[in-house]
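Work through the exercises below with the model at hand. Each task is followed by its solution.

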Amino acid sequence: MSFEIEELPLAEQFEQLIQRGDKLAIAEFLNDQNISDVAELINEYPDYEAQIIANMAIHRAASVFKILDITEQRRIVKELPPFKTAELLNELPADDRTDFLEELPKEVIRDLIKLIDPEERKITLSLLGYPEDSVGRLMTPDYVYVYEHNTVDEALSVIRKVAKSSETVDVIYIINEKGELVDDVKLRDIIIAATDKKMGELLDGRVVALNVNDDQEHASQVFKMNNRVALPVTDDNNILLGIVTIDDMLWVANEEFSEDMQKMGGTEALEEPYLETPFFKLIKKRVGWLIVLFIGEMLTATAMAYFSDELAKAIVLSIFVPLIMSSGGNSGSQASTLIIQAMAVGEVSLSDWWRVLRRELLSGLTLGSILGSIGFLRICLWHFLMQHGVIQDLYGPHWLLVGFSVGFSLIGVVLWGTLSGSMLPIILKKLGADPAASSAPFVATLVDVTGLVIYFSVAFIFLKGILL
């Protein structure tokens, strides 16, 4: 029977064990699986999520719990008996525990804090005291440190003693008697050094550290540029407080990406999964930007009304209004997305604004010329079909001037859209705002209004005294 179960897919094995109700077999089965596979089971069988966590060895349960979504974590803690919740919270690394608690209402935090052991409670309250989205919220106090005067043999003894409870032992941190960070040394260098050598003799002076108040997004960039699996965290006096590990940075990068995508789509960032966000909260997140964009589009209507006389005289111009507006908006959205992404990964900084401007100026002219040429050729082709009676003649005898108006307008509108889309994120960053707020809809709305002005101004130059 056991062999037959092992041959089945993981989900079916779990279902059979649940039906048998053998808790010992369930616990053994769950503890033998990869934590990612157990997390998949929780996603697939939400009715058993608390039972799954409760039946696992506590260290394995904590490993699964910390990779789950906050919604699943909340449901599990709500269903678990208090003693099991206490075990789980005490087993979680301090940074993961803090990350979970900070997403909960304050009254819930108060109740859960009481379940944590006094020493762990002190650490958790300390981490919760740091600003939201700061490195302090991510760091863990579980790391290995030694003093400059320790020998390699003494350092290895410390490592053996505390490594099991540490987040990582790839790097050992060296401090002085004041607790100040002096340097970090790779475990490999310690292992190959002579046992009587002082740790101070292994230093290379190339330590990279984060400040406890640094923004998490900044920390992500530091990790990327320095290719580290962990970085030390210090206060303003260089006192070593903890470390931040790469797994935390991966979660931060994922959250930042989701937040930027939502902002670029013209909505405020959601703190919860879409399907778990209350309806009215979702409306609140979306309505603000929609109102701003709607007011912006009202300016487009004002611009159309301002040029109503020109439209009445040359109704043919109205045919190309959607073409002009969409081309400018699309080019602006493209540039905005490229620059926001480049800034997010550290490829573009504020000091690069002039290089970006020059590059986008050439790009805008080139792209505008390509679209302008296509627009002009399109009018020529349609005129040919109109002359041969294939379609109704809409352009009239001045089709060539209309073609020039559309072609040159597209150059101007695409150029303006490209420059606007590329410069807005940089300007917002300079003002201390989030560059993602210069979202594609915002840029498109701005370019819609100005695009109409460019279009009718160019048309006036070509058609003055003829159609206008």
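**Exercise 1.** Classify A344 as buried, partly exposed or exposed.

Solution. A344 has 23% relative accessibility. Buried means under 20% relative accessible area, exposed over 50%, and partly exposed in between (1.4 Å probe, protein chains only). A344 therefore counts as partly exposed. A344 lies in helix 18 (residues 321–344); helices are DSSP runs of H or I with at least four residues, and strands are runs of E with at least two, numbered from the N terminus. The C-alpha atoms of A344 and V144 are 32 Å apart, at a chain separation of 200 residues.

This is a predicted model: local features need pLDDT of at least 70, side-chain atom pairs count only at pLDDT 80 or more, and totals for chains, interfaces and linings use all residues. Residues are numbered from 1 along each chain as its sequence is written, and side-chain values use heavy atoms, without hydrogens and water.

**Exercise 2.** Give the strand order of the open sheet and identify its edge strands.

Solution. The order is 4-5-6, with mixed pairing. Two strands pair if DSSP finds at least two bridges between them. Strand 4 (210–211) and strand 6 (240–245) each pair on one side only, which makes them the edge strands. Strand 4 runs parallel to strand 5 (residues 230–234), and two bridges join them. In this pairing, N211 stands opposite T234 of strand 5.
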